[in-house]
Amino acid sequence: MWSRRLMGTSSNRTLITTFCTMLGEVEVHIRRRRVWCSRSIIAAILMLTRSGARGGYRRMLATFVDDTAELLGWVTSPSAASLSRARKLLPVDSCRALLRQLVDRIASSSPRRFVHPSGRRFIAIDGTQFIMPHTRQTLEQFDRPQAGAWVRAHHPQAVTVVAADLLKRLPLDWVLLPKGIGEREGARRLLDLFQPGDVAVLDRGYPSRAFLAQLLERKIAVVMRLPAGPRSWREAHEFLRSGQQETVCNMPLPDGATARIRLIRRNFRTGRPRQHQKAKPMVIVTTLTQEDGFSPEDIIRLYQARWGVETLLREIKVGFDLERFHARSLIGIEQEIAAVLIWIALGSTVEHAAEDGLPPGRRVYRTLCHDAATRIFTAWLAGRDPLERLNRELEAIRRYHYAPRPGRSFPRERKAPHGRFRNGTH
């Protein structure tokens, strides 16, 4: 049943094949808990975390048999307790491998408009804080924020660092860290994702001479923003004082090494700053040169594209409401992080198919793509024709394509203040 014959366009057929073989090829050998196996556990976690239908175990299991009729062929619905026990048997590494396998397939079939002419991958890394459930295990692993000497938050917090392919808008991997370790350490743990020639796009919280040396040792190119204040690197401070727009210099690294780097200034727009912004110049350091085919304007646009990983983090926390974890254990929390990243990857697949063929510069709404991915995948799980559903969803998504408006500015506000401090209170 995994090789159903599909009709339609070549791109749609490739998309549906990706959807229909994802769970069909899961081979995780675990000790079965009666009816539960690795495939059914992953299907249940995906149904728990899907967009637009997030709820508890009982709500999901009420329709689980009908929703997964083609995949599992069950006749009775299992209990919530049996699912809770079975989830403890599924390793997080299996969920991580499933995400990587899916992303590799999507990346290999992406339309040309999502591939850079140089063939390089541009991978952004950024992190966000998660409010964790208040359990004995999470309290042992993560810290509770403190405001003053006597006030401490009830829920512990963790830092999640995510790597994403900027051009293809695909999440690649994640690391869950105790609060206080730092996002740079999380980025170091994600370096195995990179291949020689890839470009790491990083914000101003990551610059470190030792970290830069690690990237260059792996032949990873860098586009990284530097702090513009007097506490920035000496090279950046002198560059700002010189008034130049671009310069190339030798930067000393640990152990007596040096690196040939390029500093580019991005001037702030003339006139009054937009709301929620400050008129500060931006310094970008990169190892990409003019000979590589990257002009200063290309580097600035590439750094601006880094906002895509911020959008992805917002989708995780707001669109999928991930902080409302169903699991109470650390392994269950990471399973749900993996499931949400899988849904985002599937939504990006629908986005690729919907934007392919649109006029240049036109885009579709990613929220519609995530909802469509959920409906297409659940249609296949239930045994309905996924290609017919896909064609209807793509037609509806393309109806609302738009041209992005430049210059919009919004405040960066936390959407879920529960468990966090505001003005010294809790």
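**Rings and charges**

Student: Over which ring does the charged end of Arg 265 sit?
Tutor: This is a predicted model, where local features need pLDDT of at least 70, side-chain atom pairs count only at pLDDT 80 or more, and totals for chains, interfaces and linings use all residues. Residues are numbered from 1 along each chain as its sequence is written, and side-chain values use heavy atoms, without hydrogens and water. A charge sits over a ring if NZ of Lys or CZ of Arg is within 6 Å of the ring centre and within 35 degrees of the ring normal. Arg 265 meets this at 5.7 Å from the centre of its ring, that of Phe 239.

Student: How far is Arg 96 from the ring centre of Trp 174?
Tutor: Arg 96 lies over the face of Trp 174. The distance to the ring centre is 4.0 Å.

Student: Is Phe 325 buried or exposed?
Tutor: Buried means under 20% relative accessible area, exposed over 50%, partly exposed in between (1.4 Å probe, protein chains only). Phe 325 has 12% relative accessibility, so Phe 325 is buried.

Student: What is the angle between the planes of Phe 130 and Phe 325?
Tutor: The two rings form an edge-to-face pair, 6.1 Å centre to centre. The angle between the planes is 75°.

Technical notes:
Rings of Phe, Tyr and Trp (its six-membered ring) pair if their centres lie within 6.5 Å; planes under 30 degrees apart count as stacked, over 60 as edge-to-face and the rest as tilted.
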